[in-house]
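Please look through the structure below with these notes beside it. They are meant for someone meeting it for the first time.

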Amino acid sequence: MTKRTSAKYKLDRRMGENIWGRPKSPVNKREYGPGQHGQRRKGKMSDYGIQLRAKQKLKGYYGDITEKQFKKNYFEASRMKGDTGQNLIGLLERRLDAVVYRAKFAPTIFSARQIVSHGHIYVNGVKCNIASRLVKPGDEITLGKKAQEMALVLEAQNLPERDIPDYVAPDGAAKVSYVRVPTLDEVPYPVKMEPNLVVEFYSR
């Protein structure tokens, strides 16, 4: 098992939830945490613990992005008009690797980031290898010709557990348009995400 895969499944176990809705998640068999003390009864969590957990879950869902990047997204969201939690979700869903994942060009957010960083993705006809790039409504995201034949791309396109959301419009099998920035209730999270708790965490 690769380091990335083991880390991904460890996050599921730590949260006690199948955060990507994947059929292979160990949480489907064992709902307790990892390690020798994983089956101990959990005590009541403090407010700080609940907020931290919400932050780790949201950060982990987007491929365990670095704390520095995630915090930068939060501060950017807090400077925008409107609800900071909603703004944060909007910024995360505008990340190029997230759009590649939503478009079903990759089976996981981790492989979506890899496809971008290896230069297989074009934004408005120009190659882009920056996974954290923020796309805008109207942008067209295209899969390179080589990538269209990759096994993991073909696997992703046939995954039954995920549908392409309304804010990403497919144009054939290798091209999508980013229609609009979604609200929290439009994002197809397999588990409940609580960006309001993330805002509380950083507002402490």
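1. Terms and basis. Buried stands for under 20% relative accessible area, exposed for over 50%, and partly exposed for what lies in between, with a 1.4 Å probe and protein chains only. The model is predicted, so local features need pLDDT of at least 70 and side-chain atom pairs count only at pLDDT 80 or more, while totals for chains, interfaces and linings use all residues. Residues are numbered from 1 along each chain as its sequence is written, and side-chain values use heavy atoms, with hydrogens and water left out.

2. P137. By the cut-offs above, P137 is partly exposed, at 47% relative accessibility. P137 sits in the loop that joins strand 2 (126–127) to strand 3 (140–143); helices (H or I, at least four residues) and strands (E, at least two) are DSSP runs numbered from the N terminus. Beyond its neighbours within four places in sequence, P137 has contacts (heavy atoms within 4.5 Å) with Y178, V179, R180 and V181. P137 and V168 are 31 residues apart along the chain, and their C-alpha atoms are separated by 9.4 Å.

3. Overall make-up. The protein chain contains eight helices and five strands. Read from the N terminus, the order is α-α-α-α-α-α-β-β-β-α-β-β-α. The chain has 204 residues, of which 46% count as buried. Among contacts with a separation of 6 or more, 59% are between residues 24 or more positions apart.

4. The core. A nonpolar core is a set of buried Ala, Val, Leu, Ile, Met, Phe, Trp, Tyr and Cys residues joined through side-chain atoms within 4.5 Å. The largest one has 48 residues, and L58, Y62, L96, V100, I121 and I141 touch the most other members. This core lies between domain 1 (8–29 + 45–92 + 187–203) and domain 2 (96–183), because both give residues to it; the domain bounds come from an automatic or database domain assignment. Setting aside residues up to four places away in sequence, Y62 touches L92, E93, A98, R102, I109, R113, V187 and Y189.

5. Salt bridges. Eight salt bridges are present, each being a side-chain nitrogen of Lys or Arg within 4 Å of a carboxyl oxygen of Asp or Glu. One of them joins R102 and E93 at 2.8 Å, N to O. Both partners are buried: R102 has a relative accessible area of 3% and E93 of 1%. E186 and R180 pair at 2.4 Å, N to O; here E186 is partly exposed at 29%, as is R180 at 31%. K192 and E194 form another salt bridge, at 3.8 Å, N to O, with K192 exposed at 61% and E194 partly exposed at 27%. Shared partners also link R95, D97 and R113 into one network of salt bridges.

6. Helix 3. Which residues of helix 3 are buried? They are F70, N73, Y74 and A77. These cover an arc of only 100 degrees around the axis, so they are on the same side of helix 3; the arc is that of the directions from the helix axis to the C-beta atoms. K68, K72 and R79 are exposed on the other side. The cover over the buried residues includes helix 2 (47–61), helix 4 (84–93) and helix 8 (195–202). As for length, the 13 residues of helix 3 (residues 67–79) should span 18 Å, and the end C-alpha atoms are 18 Å apart, which agrees. The expected span is 1.5 Å times one less than the number of residues.
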